Amino acid sequence: MAVCLRLIVMALLATVTACGGGGGSGGDDAPAQSETATAQEATVTQDPVTQQSSATATDFQVYKSPTCGCCGEWVDYMQREGFSTAVHHPDNLDVVKLERGIPSQFQSCHTAVSEQGYVFEGHIPARDIRDFLASPPQDAIGLAVPGMPVGSPGMEVGDRFSPYNVLLLKKDGSTEVFRHVATADQQ
């Protein structure tokens, strides 16, 4: 029991550290800021592994807290996967999420919005975003990975991994499991 409790505390500390110690879903008092992706973020990788991804790259507007490290890690991950981003730091991240129809129980620390207007909430693997955008389900607003599962893209902590669900968010407020991610190599 003590070992299990110690692992839970370590995971929580790693999560808080990864996100800069701030509240994940926003409400920061920091002034509104907008930045086009840095030179590093704006460069779409063209190595052979991501060349195919780049051909179908979709631009995202990413809304996050300026202090959240794991959000930055997810943006970097998406760049490596061939997607381009523009990052914004709104005064109140919760308002952005509510305006996009993301119920509080499905929120995470950042929200990405595709050129088509679909939302991608949290640490969603690129493969699920590609699958969704290739054939968006009728009446869907996007996908979500609620919370911040250890081992999900941007939330890597060594070789630790917690299985999680990628949820399909629907216009009527309902959800369903889009895909269950049982192991790190399924991301």
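Let me start with a term: a residue is buried under 20% relative accessible area, exposed over 50%, and partly exposed in between, using a 1.4 Å probe and protein chains only. By that rule Arg 179, at 14% relative accessibility, counts as buried. I'll come back to Arg 179.

Some ground rules. This is a predicted model, where local features need pLDDT of at least 70, side-chain atom pairs count only at pLDDT 80 or more, and totals for chains, interfaces and linings use all residues. Residues are numbered from 1 along each chain as its sequence is written, and side-chain values use heavy atoms, with hydrogens and water left out.

Now the overall picture. The protein has 187 residues, and 42% of them count as buried. There are 6 helices and 8 strands. Helices here are DSSP runs of H or I with at least four residues, strands are runs of E with at least two, and both are numbered from the N terminus. The order from the N terminus is α-β-α-α-β-α-β-α-β-β-α-β-β-β.

The accessible surface is about 9,300 Å², with 54% belonging to carbon and sulfur atoms. That area comes from the Shrake-Rupley method with a 1.4 Å probe.

Next, the inside. A nonpolar core is a set of buried Ala, Val, Leu, Ile, Met, Phe, Trp, Tyr and Cys residues joined through side-chain atoms within 4.5 Å. The largest one has 23 residues. Phe 60, Trp 74, Met 78, Phe 120, Ile 129 and Phe 132 touch the most other members. Two or more residues come from each of strand E2 (59-64), helix H4 (69-80), helix H6 (126-134), strand E6 (140-145) and strand E7 (164-170). Apart from this core lies another, of 11 residues, including Tyr 63, Val 96, Phe 106 and Ala 144.

Look at Ile 129. Leaving out residues up to four places away in sequence, Ile 129 touches Phe 60, Trp 74, Met 78, Phe 83, Phe 120, Ile 124 and Leu 143.

Strands pair if DSSP finds at least two bridges between them. E7 and E8 (residues 175-181) run antiparallel, joined by 6 bridges. Leu 167 stands opposite Val 177 in E8. The two strands form a hairpin with 4 residues between them, and Gly 173 in the turn has a positive phi of about 95 degrees.

Last topic: charges. A salt bridge is a side-chain nitrogen of Lys or Arg within 4 Å of a carboxyl oxygen of Asp or Glu. The whole structure has 4.

One joins Glu 81 and Arg 130, with the closest N and O atoms 3.3 Å apart. Glu 81 sits in the loop between H4 and strand E3 (84-89), and Arg 130 in helix H6, 49 residues apart. Both ends are partly exposed: Glu 81 at 23%, Arg 130 at 22%.

Then Asp 128 and Arg 179, at 2.5 Å, N to O. Asp 128 lies in helix H6 and Arg 179 in strand E8, so the pair ties together parts that are 51 residues apart in sequence. Is Asp 128 buried or exposed? Asp 128 is buried, at 0% relative accessibility.

Finally, Glu 176 meets Lys 170, with 2.6 Å between the closest N and O atoms. Glu 176 is partly exposed at 38%, and so is Lys 170, at 24%.

Key:
Contact = heavy atoms within 4.5 Å.
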